[in-house]
Amino acid sequence: MGNSGTPASTPRFESWGRYPRLQADVVPLHWTGDFPLQHAPGTMQLPVGLGRSYGDVCLLENGTLLQTAGMDRLLHFDPATGMLRCEAGVTLQQILDFAVPRGYFLPVTPGTKYVTVGGAVANDIHGKNHHVAGTFGRHVIRFELVRSDGTRFVCSPIENPSWFAATIGGMGLTGLITWVEIHLRPIVSRKIEYRGDKFHGIDEFFALSQSATSEYTVAWIDCVSTGRNFARGIFMQGDHSETAGPLTKSKEPKLTFPFNLPEFALNRFSMAAFNSLYFHKQLSRQKIGPVDYESFFYPLDAVLHWNRMYGKQGLLQFQNVLPHESGREGMIQILKAITKSGLASFLAVIKFFGDVPSVGMMSFPKPGPMLALDFPIRREVSFDLVDRLARITLDHGGRMYSAKDARMTPEQFQAFYPQWQEFARYVDPGFDSAFWQRVTGRRPLVG
Amino acid sequence: MAEQHAAFLLVGRNAQKLAAVRDDLLTRGASAVTTFVADLDDTSAHPAMLAQAVSALGGLDLAFLAHGVLGDQPQAEKDYAVAEAILQTNFLSAISLVTWLANYFEAERHGTIVVISSVAGDRGRKSNYVYGASKGGLNIFLDGVRNRIDRAGVQVLTVKPGFVATPMTAHLPRSPLFAEPGQIAKHIQRAIGKRKDVVYAPPFWAVIMLVVRSIPRRIFKRMNL
């Protein structure tokens with residue numbers, strides 16, 4: 001165990017990247033009164049949801065993970081205003097199943113609906129509408145925070161505002177969130193009015209972003225092809241349909257990725273083929289029409305356990321944002337480094353964050369272009385690449401996303417988030433995470 | 001059922017937990033939810049509690065019994081009082097409730113009684129035979145009651161779940177055999193709709209228990225199950 005990152009037995013709780021793999025006790029919480037635990041665990045604790053963060057932000061070696069998914073009750077809903085209060089373990093899927101038939105939708109959604117509300121707050125997640133709606137935290141009205149000493153208090157922009165700011169994006173470190181109150185947004189149909197435009201090169205992507213008028217925008221970008229096809233992609237935008245349409249509940253996914261793909265299956269050639277297929281799936285330069293929200297927001301949710309595609313070694317995710325001034329030049333450098341490495345998969349997205357300020361003290365988004373993609377873990381090669389991307393990000397005044405990270409050094413993290421010491425004052429003395437240990441220099445990078 | 005605007009009376013030991021479930025049901029569309037704090041081990045309080053349920057809801061359509069303890073088997077082997085407490089909760093309190101409910105529904109000539117039992121009641125095993133006996137006895141009781149009131153149009157559904165991820169099993173190591181409560185709920189709902197008598201949840205447990213029951217006793221008694 002120790003620093004190897006690959007313990008002999010499978011840990012009870014894995015992050016989505018399945019790296020690092022750290023042993024911990026898991027204590028399921030079923031009621032908002034279950035915490036603090038009746039029998040003190042004698043170890044540091046960390047609340048976790050469904051483990052959809054990629055790196056080690058939801059891990060704690062030899063600690064106690066407080067699994068919140070059993071706290072899954074809806075507590076109040078006002079159909080006139082869309083205000084929903086629910087326990088922190090309620091998932092975005094459960095909210096959609098409840099809200100869509102009632103004509104409401106999530107105010108902000110990430111690329112998967114398999115995350116808990118508590119996790120959405122703790123990582124202050126963002127979505128395709130960041131440029132107009134900001135982060136998830138912008139739509140949080142109030143929540144209850146419970147500290148390990150048993151203190152419970154409500155946090156909002158009015159009540160305990162500094163705790164409100166520290167906990168949104170606070171990576172679960174400030175205490176346990178037991179319930180959350182959020183504003184949902186009205187819809188009249190499941191349908192999204194979609195438009196997809198192919199682009200060649202970063203400048204065409206920038207131009208499309210500038211001219212886009214939709215609530216939701218995101219682009220898939222080819223991080224494998226070079227030369228003529230360098231930085232080609234598809235710019236996707238959409239708006240909730242304004243024509244009354246179906247408001248039914250989604251069906252459960254039927255596909256599960258059945259086993260770990262062997263390491264050799266994902267290589268330069270298969271990835272190039274995947275990227276080509278994806279690019280040419282849309283035949284015409286532009287495609288317009290209504291699509292279901294499931295396929296627009298959650299294409300990967302259709303296959304459960306898709307992370308097994310990366311084999312038992314797991315995957316590394318990289319997500320950064322660069323300021324507008326240095327964005328173009330920085331992204332080109334980053335994309336060149338990635339294509340040269342040949343390590344990229346086909347799951348890469350690029351988007352412009354808007355200037356809606358985040359309420360969280362440690363929130364990730366800031367205005368400018370952001371890039372997110374994953375790499376299979378090929379030991380040093382992948383680690384060196386991500387480290388290189390981190391350095392380019394730092395040189396260009398950008399930052400990386402903690403919820404996606406397994407490799408930032410303390411120096412990099414502290415430069416990305418200079419407010420970290422201020423945040424540290426809000427960290428619960430009984431709480432810790434493998435991520436927090438790493439970026440505060442208390443835990444070496446596992447290799 | 002909340003989505004079909006049903007009215008509920010919830011019984012449990014902890015008022016705060018009952019309030020959370022009440023809020024959840026109301027939010028999802030229940031037309032009314034009343035809560036009632038009681039320890040079901042006290043069987044003398046059952047008639048008054050059921051009377052209140054009937055009057056609060058204006059009659060009953062379905063009773064759902066989901067209380068129980070796993071108990072401490074090694075302790076129960078040493079100390080009869082521990083074994084008795086397990087039987088009191090899992091067996092006797094359920095017998096009392098089903099007796100009153102069966103008579104009520106029989107007179108109404110309609111209704112459904114759903115009782116959460118366990119696959120552990122299918123065969124006595126070394127590792128949990130006290131819990132197993134409490135559920136096995138319950139299964140036999142329910143079989144008998146069913147044969148009596150089925151002809152009055154009352155359904156008695158025995159639910160036999162395997163491992164379910166609930167507070168009762170929180171201390172056990174998770175395995176692929178574990179199911180989520182939501183999955184079990186779907187199987188129960190379907191079984192009620194089909195007016196089934198017994199349902200294994202998830203259904204693969206029917207196969208596992210068929211195998212477990214068919215092991216010759218000569219061999220079974222040497223096994224460490």
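Which residue in β3(A) does A:Val26 stand opposite? I looked this up and found A:Leu65.

**Conventions.** I noted that the model is predicted, that local features need pLDDT of at least 70, that side-chain atom pairs count only at pLDDT 80 or more, and that totals for chains, interfaces and linings use all residues. Residues are numbered from 1 along each chain as its sequence is written, while chains are lettered from A and ligands numbered from 1 in the order in which they are written.

**Parallel sheet.** I took strands as DSSP runs (E, at least two residues), numbered from the N terminus, and counted two strands as paired if DSSP finds at least two bridges between them. In chain A, three strands form an open, parallel sheet ordered β1-β3-β2. Its edge strands are β1 (25–28) and β2 (45–48) of chain A, each pairing on one side only. The twist averages 30° from one strand to the next (angles between N-to-C directions, from 0 to 180 degrees, with axes fitted to C-alpha atoms). I found four bridges between β1(A) and β3 (residues 64–67) of chain A.

**Antiparallel sheet.** I next examined the open sheet of five strands in chain A, ordered β4-β5-β9-β7-β8 with antiparallel pairing. Because β4 (74–78) and β8 (152–155) of chain A each have a single partner strand, one side of each lacks a neighbour in the sheet. Within chain A, β7 (residues 140–146) pairs with β9 (residues 176–183) over five bridges. A:Leu145 has A:Ile177 in β9(A) as its bridge partner.

**Interface.** I recorded twelve residues of chain B in contact with twelve of chain A (C-beta atoms, placed from the backbone, within 7 Å).

Note on methods. Contact = placed C-beta atoms within 7 Å.
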